[in-house]
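Please examine the structure shown below. The paragraphs that follow treat the confidence of the model, then a sheet and the helix that crosses it, and finally the surroundings of the ligand.

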Amino acid sequence: MTDGAVIEVEHVGVDLGGRTVLEDVSLRICRGDFYAIIGPNGGGKSTLLRVILGLIHPDTGEVRVLGGPPDEQRHLLGYVPQYRTFDFSYPLTVRGMVLSGRLGHIARFPRRYGEEDREAADGAMETMGIADLADRPISALSGGQQQRAIIARALAGNPEVLILDEPTVYVDSPTGEHFMDVLDVLRRQMTVVFVTHDIGVLSRHVTKVACLNRRIYTHDTPEITGDMIQGAYGCPVDLIAHGLPHRVFAEHGEEGP
Ligand SMILES: Nc1ncnc2c1ncn2[C@@H]1O[C@H](COP(=O)(O)OP(=O)(O)OP(=O)(O)O)[C@@H](O)[C@H]1O
């Protein structure tokens with residue numbers, strides 16, 4: 001493993017249904033990074049996450065997670081899928097949902113939760129500020145609380161890297177901003193990677209940004225430059241800083257500082 005790298009993606013290509021979804025994608029995520037991958041809908045963001053998780057094997061290129069093959073290292077990754085993939089009408093309490101994040105750590109059958117699992121779930125609910133909701137049905141929570149429960153479920157596995165797919169897509173704007181502050185706290189304890197199609201939710205604390213639309217555009221910096229946007233979106237995009245006035249966004253077509 002290259003020094004400090006937790007995720008290394010090298011020249012990855014993926015074809016799905018006869019279409020090239022990822023082409024020559026290379027990415028290096030280091031320990032402690034708060035890494036945002038942005039890009040338009042259908043640009044391949046979820047596919048790239050699935051490659052990193054070892055759920056899709058690339059047609060070309062190589063991926064290493066903490067120095068090993070992704071499918072052998074998946075237990076070190078906490079994955080927060082898109083909100084829409086969860087069925088919140090399922091009769092489950094918040095504690096039950098968060099505990100299910102421990103299932104990958106229980107090798108014995110039948111799978112039974114032990115003291116360590118319960119402690120990890122309690123700690124994760126505490127971190128996400130939902131400990132007082134532990135016995136409530138997940139269907140009774142607000143959208144923002146449900147989103148926190150999904151993240152607590154991933155945290156219950158004590159991951160080294162937390163990977164989130166569109167974490168703010170179903171929360172309203174103020175909740176979304178607060179939500180990025182929550183991620184900012186988490187990233188002091190672990191590497192955080194998230195994908196979004198919404199440039200407006202980017203936290204000023206993000207350490208690196210990449211733009212993905214089949215190909216990836218990155219300068220390994222937190223700045224989004226005009227050529228990254230041009231490459232990923234293929235058209236001029238309003239780069240005004242969406243409530244982040246101190247972030248320097250280059251003019252379209254110009255390099256960042
Ligand atoms: N299993 C599959 N078979 C065929 N095509 C697929 C498959 N999975 C994804 N695709 C296609 O690959 C492209 C990239 O999809 P992906 O979900 O990775 O994009 P995305 O950037 O995450 O988009 P969104 O923000 O809409 O979730 C899309 O055109 C999608 O239709």
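The term pLDDT denotes the predictor's confidence in each residue, on a scale from 0 to 100. Two residues are counted as in contact if their C-beta atoms, placed from the backbone, lie within 7 Å. The model discussed here is predicted. Over residues 238-257 the pLDDT stays under 50, and for this stretch the model has 36 contacts beyond four places in sequence. The chain as a whole averages a pLDDT of 82, with 80% of the residues scoring at least 70. The model's ipTM is 0.93 and its pTM is 0.84.

Three strands, in the order 2-1-4, make up an open sheet with antiparallel pairing. Its edges are formed by strand 2 (19-30) and strand 4 (60-65), each of which pairs on one side only. On average, neighbouring strands of this sheet are turned by 15 degrees against each other, direction ignored. Strand 1 (residues 5-16) and strand 4 run antiparallel and are joined by five bridges. Glu-10 stands opposite Glu-62 in strand 4.

Helix 1 (residues 45-52) lies across strand 1, strand 2 and strand 4, and runs at about 120 degrees to strand 1.

In total, 13 residues surround the ligand, the closest being Gly-17, Asn-41, Lys-45, Ser-46 and Thr-47. Strand 2 and helix 1 are the elements that give two or more residues to this shell. By class, the shell consists of nine polar, two nonpolar and two charged residues.

Terms used. Residues are numbered from 1 along each chain as its sequence is written. This is a predicted model: local features need pLDDT of at least 70, side-chain atom pairs count only at pLDDT 80 or more; totals for chains, interfaces and linings use all residues. Two strands pair if DSSP finds at least two bridges between them. Helices (H or I, at least four residues) and strands (E, at least two) are DSSP runs, numbered from the N terminus. Axes are lines fitted to C-alpha atoms, for helices over the stretch in contact, and angles run from 0 to 180 degrees between N-to-C directions. A residue is near a molecule or strand if its C-beta atom, placed from the backbone, lies within 6 Å of it. Ala, Val, Leu, Ile, Met, Phe, Trp, Tyr, Cys and Pro count as nonpolar, Asp, Glu, Lys and Arg as charged, and the others, Gly among them, as polar.
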